[in-house]
Amino acid sequence: MTTTERHQLKARRVQFNFDDTPLYWLRDDPFSTHMINGIHLLLPEGELWFCRVYNQALPLITDEQLRADVEGFIRQEAVHSRAHSKAQIYLQRHGLELDEYLDKVNWLFKTFLGEQPFGVKALERKAFRKQWLVLRVGLIAAIEHFTGVLGQWAMDNTSWEETGDPAMVDLFKWHLAEEVEHRTVAYDLFEHLCRTQLGFYAGRQALMAIVFPLFIYFLAEGGRTLYRQDADPAVQKLAKLPMPRLLQELERVGNTTRNVPTFTFLVKATLRWLSPSFHPIDEGDTQQALDYLARSPAARAASVH
């Protein structure tokens, strides 16, 4: 895919108004709407965790351009977190209870992946500090692979504009365009902090083996949290589907409506990560993302303030 010259990453101080956004912001598609809305629950705390980890990694970076990229990444992720936190208010306004799922997310990012390795106080030792930091940087690299490929999927998507609420569509497409824009940073930082190329390759494969099932689990649980609270009994039944059936439904709806990526799409993206020659620069089109950011209503409004 085409790329542009390297440029300075900047945070766009966007604002969104969801006062008129319906619960099914993708018209007549509760499956996709709730599955995607679950991301509002996962991202705010997750992206603040990215920022905390990367702020700790900054003193270890010896490449000036990479340091500038990481600083730009941190600024962008902080804005992403705030935007999705405000979207949680939209969900609560529609009568949805979020606390149970948010408690799981907070445990994951604040306890299990916090400063005490795996939440075990006995492991919080100076000797483990750098290794624990580099491991978490690697986890972020694996997570950012998915945000990058989903970003490119969203740049290629046309169904959201056809059936979606403009404010919510812009939130997701602005965010995902920035994911395409900074898609190389997490990978490059993890490589920079690894001592050998063999260690880097083995490490990123091991960490993807952790991240892929966790990503699918939290994606599914976010959707289930909202399905079970829907007023429509048919939608409520989606919350009770076992994981294989839920992923089959993701595949079916993705192929039918184009409002969500298919499970096959996610598996293929994971398999590309396995290649020794993999680099995320090949996973997206930077100019396409910048073109969206140039016409995004929220990003345009932010640029004049």
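Predicted model: local features only at pLDDT ≥ 70, side-chain atom pairs only at ≥ 80, totals over all residues.
# A walk through helices and their contacts

Thr-33 lies in helix H1. The side chain of Thr-33 reaches the backbone oxygen of Asp-29 at a distance of 2.9 Å. Beyond the residues up to four places away in sequence, Thr-33 touches Leu-23, Tyr-24, Trp-25 and Leu-26. For one of these, Leu-23, the separation can be stated in two ways: Thr-33 and Leu-23 are 10 residues apart in sequence, and their C-alpha atoms are 7.9 Å apart in space.

Asn-37 is likewise placed in helix H1, which covers residues 30-57. Asn-37 has a relative accessible area of 0% and is therefore buried. The side chain of Asn-37 makes a polar contact, at 2.8 Å, with the side chain of Trp-25. When residues up to four places away in sequence are not counted, Asn-37 touches Leu-23 and Trp-25, and also Tyr-90, Leu-91 and Leu-226.

The segment before H1 contains Arg-12. With a relative accessible area of 11%, Arg-12 is buried, because the limit for that term is under 20%. The side chain of Arg-12 makes a polar contact with the side chain of Glu-178, at 2.7 Å. Apart from its neighbours within four places in sequence, Arg-12 is in contact with several residues, including Gln-76, Val-79, Trp-174, Glu-181, Leu-290 and Ala-302.

Two packed helices are described by the angle between their axes and the distance between the axes. The axes of helix H2 (residues 64-93) and helix H7 (residues 185-193) come within 10 Å and cross at roughly 135°. H2 and H7 are therefore oblique to each other, because an angle has to be over 145 degrees to count as roughly antiparallel. The crossing of H2 and H7 is left-handed. On the side of H2, the residues that meet H7 are Leu-66, Asp-69, Val-70 and Phe-73, and their partners in H7 are Val-185, Asp-188, Leu-189 and His-192. Sorted by class, this contact of H2 with H7 has 5 nonpolar, 1 polar and 2 charged residues.

A second pair consists of helix H4 (residues 126-156) and helix H6 (residues 166-181), whose axes come within 8 Å and cross at roughly 120°. H4 passes H6 in a left-handed crossing. H4 contributes Glu-144, Thr-147, Gly-148, Leu-150, Gly-151, Gln-152, Ala-154 and Met-155, which meet Lys-173, Leu-176, Ala-177, Glu-179 and Val-180 in H6. The residues of this contact of H4 with H6 divide into 6 nonpolar, 4 polar and 3 charged.

Gln-197 and Ala-167 are 30 residues apart along the chain, and their C-alpha atoms are separated by 43 Å.

Conventions
Residues numbered from 1 in each chain as written. Heavy atoms only, no water. Helix = DSSP H or I, 4+ residues; strand = E, 2+ residues; numbered from the N terminus. Buried < 20%, exposed > 50% of the residue type's maximum accessible area, 1.4 Å probe, protein only. Polar contact = N/O pair within 3.5 Å; in protein donor to acceptor, adjacent residues only side chain to side chain. Contact = heavy atoms within 4.5 Å. Axes fitted to C-alpha atoms, helices over the stretch in contact; angles between N-to-C directions. Parallel < 35°, antiparallel > 145°, perpendicular 65-115°, else oblique. Left-handed = near helix turned anticlockwise from the far one by under 90°. Nonpolar A, V, L, I, M, F, W, Y, C, P; charged D, E, K, R; others polar.
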